[in-house]
Amino acid sequence: FQGGATVSSAGDIIQDETTGVWYRWDDLSTLPKDVPEGSTPASTGGIGEGKWLAVDVSDVLRKEYEKTQWNNFIYNFGGVPDYTGTPLYDGSDATRITATDNSPMLQDALNNGEVRNGVLHIYFPAGHYGFKTDGVAKVASSNVHTVIFHGESFESTTLDFIFERSDTIGTNVQPSNASMIARLTGFKHVIWESLNCKCTTKSGTIDGSTDPSADNPSVYYGAVWFAHMQDCENVRFEKTKMQRGNYRGFSVDAQNLPIGYRTKVSIVNCEGFDNTSTGYWLSFCNSLYVQGGQFYHNGTKGFLATGYGIAASQYVDDILIVGGATFYENYRKGFDRHGGVGSMVISGSVFADNLLRDIEDNKQYNAQYDPVKLNYNHYSNCQFLINRNPSWLSEALSAVNYNASCIKAFVSILDRVIAGTIAGKQREVSFSNCNFKVIGNVPDGYVGFNGFSLEAPISTYD
């Protein structure tokens with residue numbers, strides 16, 4: 001004000017040097033507004049609504065900085081973060097939600113975003129973005145080998161897939177017939193970072209089944225997932241939440257690549273919760289690295305057939321889980337590997353009140369491996385706890401009412417193909433400095449308890 005200025009647009013701000021406060025002019029109908037030398041806010045219109053309004057300059061600078069972000073989803077592609085409403089997750093959620101469909105803007109960003117050195121980066125400023133269209137897709141090319149999705153933080157940037165499907169009743173849904181916000185194929189790197197990713201869709205079984213048994217097929221009928229990465233070299237999730245997918249949240253599959261050259265997956269300081277199956281479903285992957293994070297409340301109360309902290313479904317080989325990763329209160333298992341041969345090392349992690357198994361490693365899928373390739377498991381400095389949360393566990397058990405499938409094990413290392421015969425792939429399992437504990441009494445509802453189920457020729461405890 002003291003030096004004089006002209007305020008010509010809504011984004012202009014001007015400082016009163018005597019107080020250090022910055023102001024914007026609130027009456028846009030009178031722009032441009034001249035401010036003579038030697039002025040003050042009081043002498044040029046006053047302070048208040050329709051006059052000069054004080055602004056937080058850090059917020060202004062942040063917004064200006066966001067505009068300069070590479071491939072900004074709002075400023076470059078017209079993204080609209082206007083999701084409002086209160087979903088009940090009962091299959092009628094779309095009628096309670098008001099949101100712009102940002103799917104065309106996402107396709108535009110994937111197809112026409114600025115590429116630098118083969119990298120396509122899309123930045124999502126803070127806000128809650130709705131996506132309503134299935135089938136947004138991108139295939140790697142000679143010009144684009146890496147895609148990065150980046151938000152401000154998983155507390156402030158939400159990507160929400162608003163979608164309903166019931167036409168898959170009776171179908172074991174696979175990536176080819178699932179619906180999702182994005183499909184990415186053949187990339188060297190795909191990165192999801194600092195985002196809250198979720199689905200607004202029906203919870204639980206879409207056919208209304210109430211059968212709690214572990215072989216209930218209806219749990220596999222959910223087709224509203226969040227995103228799928230197919231035949232990529234590296235997929236990384238960092239500081240990302242995944243919630244409310246039905247059936248899967250994020251899905252990774254490299255079945256079309258030769259064994260030994262499949263996807264390497266990293267999950268670093270992430271969360272996965274309230275998904276009908278799991279937030280992170282992996283198949284045909286070379287390796288999995290998990291550092292930190294929380295994976296909990298996946299599955300549906302009253303059902304034993306699904307609900308995993310992380311699911312390594314088929315042919316997921318070398319696994320390393322470290323850094324305080326926590327798997328708790330999942331309605332089936334904490335960490336599950338259905339098939340895959342290699343080392344599985346878990347250190348410094350916590351498993352608590354996962355309803356059936358804290359860890360299971362089976363060799364259901366092993367036919368592609370060299371006969372001499374064997375499997376090794378090592379667990380160190382881990383906590384395995386039952387009854388850490390008695391109210392959650394007793395409620396979960398009462399919902400399945402002593403079902404015959406409700407048998408608890410801390411660690412289940414099995415060596416069986418689908419037909420049930422021994423695969424001959426488990427070699428060794430070892431435990432060092434681990435704590436296995438029931439806090440108080442085992443709650444009612446289990447029909448059996450096997451602390452360890454181990455089908456390995458060598459088992460050692462230290």
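**Pockets, strands and rings**

Mentor: Let's start with the second largest pocket: helix 1 gives the largest share of its lining, five residues. Keep in mind that this is a predicted model.

Trainee: Okay, which residues line the second largest pocket, and how much space lies in it?

Mentor: The lining is A10, G11, I13, R24, V55, D56, D59, V60, K63, E64, K67 and Y75. About 200 Å³ of space lies in this pocket.

Trainee: How do the residues of that lining divide into nonpolar, polar and charged?

Mentor: Five are nonpolar, one is polar and six are charged. Asp, Glu, Lys and Arg count as charged, and R24, D56, D59, K63, E64 and K67 are on the list of lining residues.

Trainee: And the largest pocket, what is its volume and which residues lie nearest its centre?

Mentor: The volume is about 490 Å³. Of the 28 lining residues, W281, S313, Q314, H338 and Y365 lie nearest the centre. The lining divides into 11 nonpolar, 11 polar and six charged residues.

Trainee: Which strands supply at least two residues each of that lining?

Mentor: Strands 16 (248–253), 19 (278–291), 21 (308–322), 23 and 26 do. Strand 26 has the largest share, with four residues.

Trainee: Why is strand 26 called largely enclosed?

Mentor: Count its residues: seven of the nine in 357–365 are buried, so the rest of the structure largely encloses the strand.

Trainee: What makes strand 26 count as paired with strand 23, and with strand 29?

Mentor: The cut-off is at least two bridges. Strand 23 (residues 333–339) is joined to strand 26 by five bridges, and strand 29 (residues 407–413) by four, so both count as pairs. Strands 23 and 26 run parallel, and the pairing of strand 26 with strand 29 is parallel too. As examples, F335 is bridged to I359 in strand 26, while D361 has I413 of strand 29 as its bridge partner.

Trainee: F335 has a ring; what makes its pair with F327 edge-to-face?

Mentor: Let me set up a contrast before that one. By the pairing rule there are 39 aromatic pairs. Take F73 and F131: their ring centres are 6.2 Å apart and their planes are at 35°, so that pair is tilted. The angle falls between the limits of 30 degrees for stacked and 60 for edge-to-face. F73 is in the loop between helix 1 and helix 2, F131 in strand 8 (residues 127–131), so the pair ties together parts 58 residues apart in sequence. Now F327 and F335: they have 6.2 Å centre to centre and 80° between the planes, which is edge-to-face, as the cut-off for that is over 60 degrees.

Trainee: How do you know whether F73 and F131 are buried or exposed?

Mentor: Buried means under 20% relative accessible area. F73 has 0% and F131 has 1%, so both fall under that cut-off. F327 and F335 are both buried as well.

Trainee: Why is S92 called partly exposed, then?

Mentor: Its relative accessibility is 35%, which falls between the 20% and 50% limits, so "partly exposed" it is. S92 is in the loop between helix 1 (57–68) and helix 2 (103–112). Its C-alpha is 7.9 Å from that of T201, 109 residues away in sequence.

Trainee: Last one: which charges sit over the rings of W70 and Y328?

Mentor: Over W70 it's the charged end of R116, at 4.5 Å from the ring centre. Over the face of Y328 it's R388, at 4.6 Å. Both distances are within the 6 Å cut-off.

Technical notes
Residues are numbered from 1 along each chain as its sequence is written. This is a predicted model: local features need pLDDT of at least 70, side-chain atom pairs count only at pLDDT 80 or more; totals for chains, interfaces and linings use all residues. Side-chain values use heavy atoms; hydrogens and water are left out. Buried means under 20% relative accessible area, exposed over 50%, partly exposed in between (1.4 Å probe, protein chains only). On a 1 Å grid over the protein atoms alone, a cavity is a set of points where a 1.4 Å probe fits but cannot get out, and a pocket is an open set with protein on both sides within 12 Å along at least five of seven lines; lining residues have an atom within 4 Å of a point. Grid points are joined across faces, edges and corners, and a volume is the space filled by probe spheres set on the points. Rings of Phe, Tyr and Trp (its six-membered ring) pair if their centres lie within 6.5 Å; planes under 30 degrees apart count as stacked, over 60 as edge-to-face and the rest as tilted. A charge sits over a ring if NZ of Lys or CZ of Arg is within 6 Å of the ring centre and within 35 degrees of the ring normal.
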